[in-house]
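Colleague: I would like to go through a model feature by feature. Please give me the general idea each time, and then the case at hand.

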Amino acid sequence: MSVNALTFRRLPQLPVWVINLALTAILAGLWPLGRVLEHQLNPYFLQILILVGINIMLAVSLNLVNGITGQFSLGHAGFMAVGAYAAGVLLRHYQPQGWEIPLVMLGVLCLGGVLAALAGLVVGIPTLRLQGDYLAIATLGFGEIINVVIINTESVGSFYVGGSAGLHGIPIHANFFWTFGAALICIVCVWRLAYSNKGKAFAAIREDEIAAGAMGVNTTYYKVAAFAIGAFFAGVAGGVSATWFGNLDPESFRFMRSIEIVAMVVLGGSGSITGAILAAVVLTWLPEQLRAVQEWRLVIYALVLILMMIFRPAGLLGNRELWPIPGRRRPGPSPTADPDSRQRMMA
Amino acid sequence: MSLLEISNLSVVFGGLKALCDFDLTLEQGELVGLIGPNGAGKTTTFNIVTGVYRPTAGDVRLDGRSIVGFKPHQINHRGIARTFQNIRLFAGMSVLDNVLVGFNQSLRHGFAGTVFRTPRHQHEDQRNQDRAVELLSTLGLDDRAMEIAHNLPYGDQRRLEIARALATNPKVLLLDEPAAGMNPQEKIELSGLIEMIRQRFGVGIWLIEHDMKLVMSICQRLTVLDHGQVIAVGTPEQVRADPRVCEAYLGEPT
Ligand SMILES: Nc1ncnc2c1ncn2[C@@H]1O[C@H](COP(=O)(O)OP(=O)(O)O)[C@@H](O)[C@H]1O
Ligand SMILES: [Mg+2]
């Protein structure tokens with residue numbers, strides 16, 4: 001066996017229970033860290049920080065669908081809306097108090113995620129037969145349908161939804177802990193899915209769906225799974241944002257929001273999880289800095305994307321991560337310089 | 001009962017009879033060839049057997065059970081793996097990852113197992129990694145394990161496709177023009193490799209190949225197709241002597 005083969009086999013380093021314990025500790029540590037930050041940071045900066053967390057969740061989960069599995073979805077904001085309204089409506093209705101709050105928060109965020117995942121199944125099963133542009137249009141249509149449904153729903157039974165006026169007066173329980181706790185779980189899930197033997201099937205579908213099928217990958221199952229898992233975390237992100245802002249505006253979940261999330265995935269480099277995180281930070285922070293020159297905001301935002309298309313068409317990180325991972329080596333010629341991958345990006 | 005039994009297989013595309021009453025049997029450890037001029041319907045035959053197209057008529061049986069109407073991945077699970085005439089690797093993934101995809105169907109843990117990294121997940125991932133490395137060294141590709149597949153030289157790409165197909169643990173291996181684009185030296189190596197795979201993995205191999213020298217030297221039996229019709233069946237000697245074959249195929253410059 002070659003040296004090469006031996007070195008990468010030794011890479012799995014820490015025992016899994018140590019990693020899992022460390023991740024649990026970090027998750028628990030987010031609570032005191034959040035309390036400190038909430039006291040120390042000025043409210044404006046904290047607001048941006050929470051938005052960064054929400055956008056990280058959205059970008060990383062969409063990356064599983066668009067970047068890793070290669071199914072171009074433009075409906076992510078729609079799934080976010082499902083989770084946001086589920087959490088918002090329930091919290092506003094039940095108004096949990098005292099010790100109930102953490103339990104109810106956990107419950108509504110998960111429920112929002114599950115409902116969004118169900119919406120993902122309903123949309124995914126018929127539309128994932130479609131390819132490329134057709135899939136993009138079908139998912140875009142789904143996002144718009146969700147918007148229309150919400151606008152025309154005043155209430156469901158005794159639950160007030162708000163219709164076109166939006167939903168106001170949602171109790172505010174989200175904080176640093178909930179936002180980044182959910183983001184951490186999302187990142188770990190997508191990471192472990194992407195870089196495991198099982199998860200290689202997602203990337204195989206992106207690379208060549210026919211070959212993936214011929215090699216025994218149930219392509220429909222994996223595509224729908226990617227869609228549902230992505231939708232789940234979009235729903236959770238929506239739930240967090242509902243109870244952070246306290247208001248929901250159905251217009252804020254339309255396709256411009258989906259485009260924003262797609263832009264994060266593309267800027268980070270389709271398929272790169274750390275790239276999506278990086279891009280979520282940049283594309284949340286940057287527009288906030290540009291609020292002073294409000295009129296030019298969209299122009300500058302667009303310029304960033306155009307410059308990226310010219311100088312780094314595969315995104316900031318291409319399909320790599322910030323650090324090398326077992327089973328992959330940085331390829332000699334960069335994918336950016338390769339006309340094939342450029343074409344794939346454009347397609 | 002044969003390992004693979006194909007009877008009266010036909011397919012029509014629009015008005016074109018791309019394949020007409022095709023018959024074949026393949027036993028374990030056998031190596032049979034499928035030859036014929038361009039456009040004869042050879043790749044189409046593979047596509048039907050692997051579930052890419054549905055036949056208009058006829059039956060394909062693996063271990064005595066019909067596989068007609070199954071999806072490609074189901075047919076692969078039953079034990080048929082293939083390579084493609086125009087290479088279809090997972091081009092942007094590493095050589096090792098390409099082979100690991102082939103092991104996907106052997107995994108017995110779900111997404112939750114992957115996310116929580118359960119002992120079963122760890123065991124299966126490690127075992128498959130070891131198997132993948134072993135398979136790659138069997139095919140002489142282990143030095144390239146970490147390379148991105150589309151950076152490989154052409155011949156290595158063809159061998160990687162075979163490695164990936166073998167990872168799915170097939171009973172029958174379909175090779176669609178594996179020597180296309182290879183130089184004479186590589187072709188000699190390839191025929192050695194195919195022979196080695198046949199013995200070592202105990203698979204039945206069904207081979208489409210244009211290089212007559214290669215086909216004649218390694219195949220035990222041959223089927224000759226022309227315009228979707230079987231025009232000759234038999235040993236390489238019988239086929240070579242068949243006047244219709246000379247007319248349809250051998251007479252033509254290849
Ligand atoms: N999906 C398809 N639709 C219509 N015609 C097809 C299709 N696939 C193959 N054909 C036709 O069937 C014939 C046989 O093609 P093929 O099996 O690829 O030949 P070869 O023997 O060279 O592999 C050709 O005439 C080809 O154009
Ligand atoms: Mg062909």
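Colleague: How exposed is A:Ile19?

Modeller: Relative accessible area decides it: buried means under 20%, exposed over 50%, and partly exposed in between, with a 1.4 Å probe and protein chains only. A:Ile19 has a relative accessible area of 22%, so the residue is partly exposed. This is a predicted model, in which local features need pLDDT of at least 70 and side-chain atom pairs count only at pLDDT 80 or more, while totals for chains, interfaces and linings use all residues. Residues are numbered from 1 along each chain as its sequence is written, chains are lettered from A and ligands numbered from 1 in the order in which they are written, and side-chain values use heavy atoms, with hydrogens and water left out.

Colleague: Where is A:Ile19 found, and which residues does A:Ile19 touch, not counting those up to four places away in sequence?

Modeller: Helices (H or I, at least four residues) and strands (E, at least two) are DSSP runs, numbered from the N terminus. A:Ile19 belongs to helix H2 of chain A, residues 16-40. A contact means heavy atoms within 4.5 Å. Leaving out residues up to four places away in sequence, A:Ile19 touches A:Leu14 and A:Arg192.

Colleague: How is an aromatic pair described?

Modeller: By the distance of the ring centres and the angle of the planes. Rings of Phe, Tyr and Trp (its six-membered ring) pair if their centres lie within 6.5 Å; planes under 30 degrees apart count as stacked, over 60 as edge-to-face and the rest as tilted. Over all chains, the structure holds 17 aromatic pairs. In one of them, A:Tyr94 and A:Phe159, the centres are 6.1 Å apart and the planes stand at 70°, so the pair is edge-to-face. A:Tyr94 sits in helix H4 (residues 76-94) and A:Phe159 in strand S2 (residues 159-160), both of chain A, so the pair ties together parts 65 residues apart in sequence. A:Tyr94 counts as exposed at 53% relative accessibility, and A:Phe159 as partly exposed at 24%.

Colleague: Which residues form one aromatic cluster with B:Phe111?

Modeller: A:Phe202, A:Tyr221 and A:Tyr222 form that cluster with B:Phe111.

Colleague: What should I make of a positive phi?

Modeller: Most residues other than glycine have a negative phi. B:Asn8 has a positive phi of about 50°; this residue lies in strand S1 (residues 4-13) of chain B and is partly exposed at 42% relative accessibility. B:Asn169 also has a positive phi, of about 55°. B:Asn169 is in the loop between helix H6 (154-167) and strand S7 (172-176) of chain B, and counts as exposed at 63%.

Colleague: Is B:Gln157 buried or exposed?

Modeller: B:Gln157, in helix H6 of chain B, counts as buried at 14% relative accessibility. Its contacts, not counting residues up to four places away in sequence, are B:Ile87, B:Leu89, B:Ala149, B:His150 and B:Leu152.

Colleague: What is the picture for chain B as a whole?

Modeller: Chain B has 10 helices and 10 strands, and its C-alpha trace spans about 65 × 40 × 35 Å along the principal axes. Of its 254 residues, 57% count as buried. Among contacts with a separation of 6 or more in chain B, 67% come from residues 24 or more positions apart.
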